Amino acid sequence: MAVSPGRRKFLPVLFLTLKEEKGVFGPIVPRTMFKADNLYVTASTSGKMTKKLYLEWSEIVLFSRMEELCIFLTDSWKTFTDQDSVIELKPEELGYEMLAIPPKVTGQIQPLDLLCFRMYKGCFKKISDFVFLRDLPVQVHHRDVI
């Protein structure tokens with residue numbers, strides 16, 4: 001998720017990376033997967049963002065929606081350390097600065113960990129409990145349902 005500076009709103013596109021055995025979607029997944037205009041869905045073998053996906057996100061989601069200045073707050077994960085590659089993708093007129101959260105404190109000070117993800121997990125647990133307790137015919141952990 002990304003927040004637009006000055007507007008305090010999430011960017012209109014959410015970049016998702018799903019785990020796929022070969023790092024790419026097979027022929028069935030794109031046909032059956034839930035599609036929405038505000039989702040940009042990719043795949044990796046781990047389900048985590050790779051350097052290639054990070055560069056894709058920077059170019060397609062982040063820089064295309066930033067105006068004047070972009071401050072990127074990141075954790076100290078190794079994928080985010082190659083800023084030279086990112087700067088090559090940045091529009092020339094866009095100011096850009098990356099700030100890194102020090103290692104081993106991300107869970108204590110990263111904004112999305114403290115706010116969004118905690119609330120999402122709580123909401124998901126309530127919905128899951130409701131479905132399980134009422135024995136509803138919903139596969140709660142299916143990608144499209146999540």
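Predicted model: local features only at pLDDT ≥ 70, side-chain atom pairs only at ≥ 80, totals over all residues.
User: In what order do the elements of the protein chain run from the N terminus on?

Analyst: The secondary structure of the protein chain comprises 6 helices and 6 strands. Read from the N terminus, these elements follow the order β-β-β-α-β-α-β-α-β-α-α-α.

User: Among contacts in the protein chain between residues at least 6 apart in sequence, what percentage joins residues at least 24 apart?

Analyst: The protein chain has 146 residues, of which 29% count as buried. For contacts between residues at least 6 apart in sequence, the share that joins residues at least 24 apart is 64%.

User: Which elements do the buried residues of H2 pack against?

Analyst: Helix H2 spans residues 51–62, and its buried residues are Leu53, Tyr54, Leu55, Trp57, Ser58, Val61 and Leu62. These buried residues of H2 pack against strand E3 (14–19), strand E4 (39–44), strand E5 (69–74), helix H3 (83–89) and strand E6 (95–100).

User: Is Ser44 buried or exposed?

Analyst: Ser44 lies in strand E4. A residue counts as buried when its relative accessible area is under 20%. Because Ser44 has 4% relative accessibility, its class is buried.

User: Which residues does Ser44 touch, not counting residues up to four places away in sequence?

Analyst: Strand E4 holds Ser44, and E4 is one of the elements that the buried residues of H2 pack against. One of those buried H2 residues is Leu53. With residues up to four places away in sequence not counted, Ser44 touches Thr17, Leu18, Lys19, Glu20, Gly23, Thr50 and Leu53.

Key. Residues numbered from 1 in each chain as written. Heavy atoms only, no water. Buried < 20%, exposed > 50% of the residue type's maximum accessible area, 1.4 Å probe, protein only. Helix = DSSP H or I, 4+ residues; strand = E, 2+ residues; numbered from the N terminus. Contact = heavy atoms within 4.5 Å.
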